[in-house]
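Have the sequence and the model open side by side.

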Amino acid sequence: MNRTLISLVAAVAGLGALTGAATLRGDDTDTATLEQRMPVPVERSTLTCPRPTASESATTWYTAYTPPLADARDLADGEDGDGGSGGASAALVPAPEYAPDVSDGTEESDGGEETEGDEEDTEESGDTEPVVPLEETGIPVTTDVDGPDGPALTGTAEGALAPGWTVQQTTRLTGSADHGVLGTSCQTPDTEFWFAGASTAGSRRDYVHLTNPDPAGTVVDIELYGPEGPIESETAQNISVPGGTTVPVRLGSLTEAEVPALAVHVTARTGRIGAQVEAVDATGGADWLPPSDAPDDTLVIPGIPANARSARLVAFTPAEEDVVLDVGLAGATGTITPAGHETIDVKAGTVTAVDLGSLTQDEAGSLVLSRASRTGSGPVFAALQVTLGGPDEDDPTELAFIPVTGPVDTRATVSGNTASGTALTLVAPDEAVEATVTISAGAGGGEPVTESYTVDGRTTLEIRPELPDGTDGPYALTVATSDGPLYAARVLTMGDEDAPEFTVQTLTDDRSTVAVPDTEEDLAVLTD
């Protein structure tokens, strides 16, 4: 038996980041259970951004930001940490689009390994000039791209720039044939995603964008579900995504059926990917449909604008039992049950779509879906499609999607905010919650300012930030709390009242710290 000494950092990286307690075993008698208490900052973060919409009238803005990391125990107190980066780095690079060319013998390989043709394709495409590189915490960096040439992006932040690193991608279309604002927070790659609210209806043109941030290739499978259950497809499996590339997949190419409401399941066989759905409606604008969370208990959809013309909920459970959800709308003064929509019955294995009408009635709100008693306990994925429009029925409409989201456990940030047209929504579906909101400096100058708020239980609080003098350019909003649960979303609006254009991004905890054993001593681990 060998006795190996493992440092505190190594022990945390191997065990502590994944579990609430680390149990180290030597032989049958030597067992040390480590209770994790002290959070420490993460040292590496990875993001992927989908390729912007391919429209000649598009302008896309990218805004990157890492909030100053105060002592992890004081995150909810609004205390700033040292803004120095200490030699850290954070930047994105283009991920070229990959399209297999069957004429040169390129074939998809089992397990996602690149073929010779894959390597040639990726080497000849794009460049590696860094996009929105950060040099310090607390100061946003922004850039823009005109036209259809914006690439997908992937990259990594390390050291002091890693904890809470966020990048906002916002595209505005101003052509006569297309209009609207598409926004998304670049996402942490994962192995699996669920989307609720995609479509292959005649007016829709939806794409799943698959981006591989790693050097090794992978193979991705896509499953589609509609109101009648699973939808068979001969082309939704074995989709090759070489390392460092992006692959857009049009949902209409996977099935000939015109399905108004779809659930989409994306899985990577090996490695990890970024996946987002670009939803374009010829009659009502365009936006990104982010993946949905599936909490065990209450489902929360924050950030429904006060002037929403219509709201349509799409829900799906892959479980074997139906799930009945009690519907609540949390507004400024409390939670009500919408008349005629007291409950929603989500049938197992099929997509449920419910038109909720003009849900908010001139008051910003949040949808709170609670499991009814004696109902199924399986996961439920859901998103709300919200439509805005001018005062007249003939005015153009614009759509956005708000998925079920996770809570802000400690801290969350959204960047790319503008001086006008930014609204932050906070909702406490249970008890009252104390929170702070920090307005960062702008990309062109300014100083941060922090305000404290109380979100009453079962209510939604809408905040329209008042920027301090000197704030210049896009800025970030950071929400922090030590209470809970608290949910948050940002609504970004452009255009005018007669033709509003908007997008909504939910804020989820930035997972900027991991818990470690509260000890300064190295850990002796017995290994064979």
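## Around threonine 60

Leaving aside its neighbours within four places in sequence, threonine 60 is in contact with Pro52, Thr143, Asp144, Val145, Gln169, Thr170 and Thr171; contact here means heavy atoms within 4.5 Å. With one of these, threonine 171, the side chain of threonine 60 makes a side-chain polar contact at 2.7 Å. A polar contact is a pair of N or O atoms within 3.5 Å; within protein, one must be able to donate a hydrogen and the other to accept it, and residues adjacent in sequence count only if both atoms are side-chain atoms.

Threonine 60 sits in strand 5. Strands (E, at least two residues) and helices (H or I, at least four) are DSSP runs, numbered from the N terminus. Buried or exposed, then, for threonine 60? Its relative accessible area is 2%, so threonine 60 is buried. The cut-offs are under 20% relative accessible area for buried, over 50% for exposed and partly exposed in between, using a 1.4 Å probe and protein chains only.

## What you're looking at

This is a predicted model, where local features need pLDDT of at least 70 and side-chain atom pairs count only at pLDDT 80 or more, while totals for chains, interfaces and linings use all residues. Residues are numbered from 1 along each chain as its sequence is written, and side-chain values use heavy atoms, with hydrogens and water left out.

## Salt bridges

Side chains of opposite charge can pair when their charged atoms come close. The structure holds 13 salt bridges, each being a side-chain nitrogen of Lys or Arg within 4 Å of a carboxyl oxygen of Asp or Glu. One of them joins arginine 51 and glutamate 97, at 2.7 Å from N to O. Arginine 51 is in the loop between strand 4 (44–49) and strand 5 (58–65), and glutamate 97 is in the loop between strand 6 (89–95) and helix 2 (116–124), so this pair ties together parts 46 residues apart in sequence. Arginine 51 is buried at 17% relative accessibility, whereas glutamate 97 is partly exposed at 39%.

Next up, arginine 269 pairs with aspartate 221, their closest N and O atoms being 3.0 Å apart. This one also links distant parts of the chain: arginine 269 is in the loop between strand 18 (262–268) and strand 19 (274–281), and aspartate 221 is in strand 14 (residues 218–226), 48 residues apart. Arginine 269 is partly exposed at 39%, while aspartate 221 is buried at 12%. Aspartate 206 and arginine 204 also meet in a salt bridge, at 2.8 Å from N to O. Aspartate 206 is buried at 2%, and arginine 204 is buried at 11%. Elsewhere, Asp322, Asp345 and Lys347 are linked in a network of salt bridges.

Most residues other than glycine have a negative phi, and most peptide bonds are trans. Which residues does a cis peptide bond join? Glycine 484 and proline 485, with omega about 0°. Proline 485 lies in the loop between strand 35 (475–481) and strand 36 (487–496).

Now for positive phi. Arginine 458 has a phi near 65°; it's in the loop between strand 33 (449–455) and strand 34 (459–463), and is partly exposed at 43% relative accessibility. Arginine 511 has a positive phi of about 50°. You'll find arginine 511 in the loop between strand 37 (499–507) and strand 38 (513–517), exposed at 53%.
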